[in-house]
Amino acid sequence: MSASRRGRIRVELRGIELTRARKAILRDVHWCIRDGEHWLLQGANGAGKTQLLKLLAGDVWPDANTRALRRYFADDGTALPLSLARDQISYFGPERQDRYERYGWNHSVPRIVATGIERSDIPLRRLTPVDRLQVAKLLQKLSITHLARRRFLTLSYGERRLVLLCRALASRPRLLLLDEPFAGLDAQNTRRLRAYLAGSGSARMPWVITSHRADVLPPAITHVAGLDGGRLRRRAKTRRIAQTTHRARAVRTVRATAASAPTVLQLTKASVFLDARPVLRSIDWRVALGECWVLSGANGAGKSTLLRAIYGDHRIAIGGKLHRDWLQPGAAISEFRERVGYVSAELQAAYPRRAIALDVVLSGRHASFNLAAPATAAEKKRARSSLARVDLAGCADCELAQLSYGQQRRVLLARALINEPRLLLLDEPYAGLDRGARHAMMQTVDSLAQEKRTLLLALHHADEWPRKVTHELRLARGRIAYRGRARP
C-alpha cells in the first residue's frame, strides 16, 4: 500500500455544473473538503444534495466544462487519479439500502459488511479469518454485534442502515459521505451513530452528512454547506445550526372513538416468522373504524413487520388469526389492498428507478406495480390531483431517478391517497422529507385523522404524531409492551 493510500484525502471542486434531464442541478459549485473537517450539507428535497455527494465520491460526472475541476490530493499534496481516489471514499445513501430489497440480496450480516472490503455489491468469495475479525470489530464499533447471526432482509429498516454503515467503513475510507444516515433510526441507534461520528473526529477523518432533522445532528460538525437553486453556500459552524424540523407539537388532542365502532382489523395470537425466526409473537389487537394508532418501539421491535402482515406481505403463523374487514374468506388479498393506502421503504424500493411518477400513483388504483391497461383521462386527472395534494404537481412526468428520496416518498403518499382509502398503513411516512414537506404532509395526515378513516402509523419521533391520535401500540422484541389510549 502506497503512502498516499494510507494518508488523508483532500477534495476540491471548482466551477462544477451538473445537468439532468435538461434541468440544472448544480451551478458553479466551489468546495474544498480538508482533513479533520466535518460538514453538514443542507437543502430542501430536490436541491441536489445526493447528486453532489455522488459527484464527490466519483460516481457522477459533472457537465463538460473547460473551467470545471474535480481534484483529489493526498496529505502530502500529491494529486490522485480518480480511480485511486474513489477507493478512498465511501458513500452511503438510501438507494443502496433499497437495492438489497429490490434484488432480494438476503445474505448474512457479516457477508454484507465484508462486501465493503472489496467494494462489491454481493459476496464474491468466502470470508477469511482476517475478514471475520475486521467485520466483528466494525459491528462492535456500532454496538450491533447481536445482529451478526441474522440475514439482512430480516432486519428492520434502522438495523439495515447501521449494517450498511459498517459496510461503508469496511473499506477503511479516508472520506465518508453519508446521505440521511439518521433516517429510520430509533433513539438508541441515533446515539450510537452520533457517538461514532464524534469519535471519528479524533481520528481526523473528514465526513459529510445530510439530515433534515437538527435534533439528531452530532456536535462534531465543524462546517455547514447549503444548496439553494443549485448554488452552494459554505461557512464554518460559528452559530447554532438552523432548525430543520419543527418543534414538538404543543397541542395534541386524544380523539375518542365510539365503543360500538365496527372492527376493521382483528389479530388473535398472531405470530410472524422470518427466516425461521419469530419477529412477532402472539399479537392480540383490535382496530376499530375511525381510530388513529401510532406504532412505537425500537428498531427491530416488529412495527414494519406488523404493517406488512396486515397488508399481506407476510403470513400469520399457524395458530394465529388475522381478520380484515372487506375481505371475505377465500377472496384475493388484492381486494383488500385496493381499499388500503400503504407507504413503506420496501414499497418504495420495489419500484424501478425509471418508473414515471404519474404511473406510480396510477398503479395505486389497483394496488399493483404496473398498469394493466392504459389509464383513462379521468384516472390521470385523479392521479395528478393526488400529486398536487403532496405538492408534486410539477413532477408528474419525472422518473423516480430524477427525484430526491423525500420526493419519492411523497409520490408514494400520493399513490396511497388516490383511492381515498378507508384504511391507511403508513410506515415512517415522513422519512427523507424536508421541513416544509414534512409539515405539509403532517397536516394532510391530521386532516385524514379527523375524517372517518382508520390510520396506523409507525413513527420514531414524538413530534410527528398526529394531533388527533387516539391510541398507541408499543412493541418490544416482537411483543406488545403497551396497548391503549394515546397519552396527550
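Predicted model: local features only at pLDDT ≥ 70, side-chain atom pairs only at ≥ 80, totals over all residues.
## Overall form

The chain holds 15 helices and 19 strands. For a chain of 488 residues, a compact globule would have a radius of gyration near 23 Å, and the value for this chain is 23 Å, which agrees. Along the principal axes, the C-alpha trace spans about 75 × 50 × 45 Å.

Of the 488 residues, 57% count as buried. Among contacts with a separation of 6 or more, 70% are between residues 24 or more positions apart.

## Surface and charge

The chain has 85 positive and 44 negative charges. The mean position of the positive charges and that of the negative charges are 4 Å apart.

## Aromatic pairs

How many aromatic pairs does a search of the whole structure find? The search finds seven. One of the pairs joins Trp 31 and Trp 39: the ring centres are 5.2 Å apart and the planes stand at 80°, so this pair is edge-to-face, the cut-off being over 60 degrees. Both residues are buried, Trp 31 with a relative accessible area of 1% and Trp 39 at 4%.

Another pair is formed by Tyr 100 and Phe 152, with ring centres 4.9 Å apart. The planes of these two rings are at 50°, so the pair is tilted. Tyr 100 belongs to helix H4 (residues 94-103), whereas Phe 152 sits in the loop between helix H6 (129-141) and helix H7 (157-170), so the pair ties together parts that are 52 residues apart in sequence. Tyr 100 is buried at 0% relative accessibility, and Phe 152 is likewise buried at 0%. Ring pairs also link Tyr 100 and Phe 152 with Tyr 103 and Trp 105 in a cluster.

Ser 363 lies in helix H12, which covers residues 357-363. Is Ser 363 buried or exposed? Ser 363 has a relative accessible area of 1%, so it counts as buried, the limit being under 20%. Leaving aside neighbours within four places in sequence, the contacts of Ser 363 are Tyr 351, Ser 368, Phe 369, Asn 370, Leu 371 and Arg 415.

Ala 367 is placed in the loop between H12 and helix H13 (377-389). This residue has a positive phi of about 50° although it is not a glycine. At 18% relative accessibility, Ala 367 counts as buried because the limit is under 20%.

## Arg 119

Arg 119 also has a positive phi without being a glycine, with a value of about 55°. Where does Arg 119 lie? Arg 119 is in the loop between helix H5 (109-118) and H6. The relative accessible area of Arg 119 is 33%, and the residue is therefore partly exposed, a class that runs between 20% and 50%.

## Two glycines in loops

Gly 478 is found in the loop between strand S18 (471-476) and strand S19 (479-485). With 0% relative accessibility, Gly 478 counts as buried. Not counting residues up to four places away in sequence, Gly 478 touches Val 279, Leu 280, Arg 281, Ile 283 and Ala 301. Gly 478 and Ala 345 are 133 residues apart in sequence, and their C-alpha atoms are 20 Å apart in space.

Gly 77 is in the loop between strand S4 (69-74) and strand S5 (79-80). Gly 77 counts as partly exposed, at 39% relative accessibility. Along the chain, Gly 77 and Ile 9 are 68 residues apart, and a distance of 9.2 Å separates their C-alpha atoms.

Terms used:
Residues numbered from 1 in each chain as written. Heavy atoms only, no water. Helix = DSSP H or I, 4+ residues; strand = E, 2+ residues; numbered from the N terminus. Rg over C-alpha atoms; globule rule 2.2 N^0.38 Å. Buried < 20%, exposed > 50% of the residue type's maximum accessible area, 1.4 Å probe, protein only. Contact = heavy atoms within 4.5 Å. Lys, Arg positive; Asp, Glu negative; His and termini not counted. Charge placed at Lys NZ, Arg CZ, Asp CG, Glu CD. Phe/Tyr/Trp six-rings, centres within 6.5 Å; stacked < 30°, edge-to-face > 60°.
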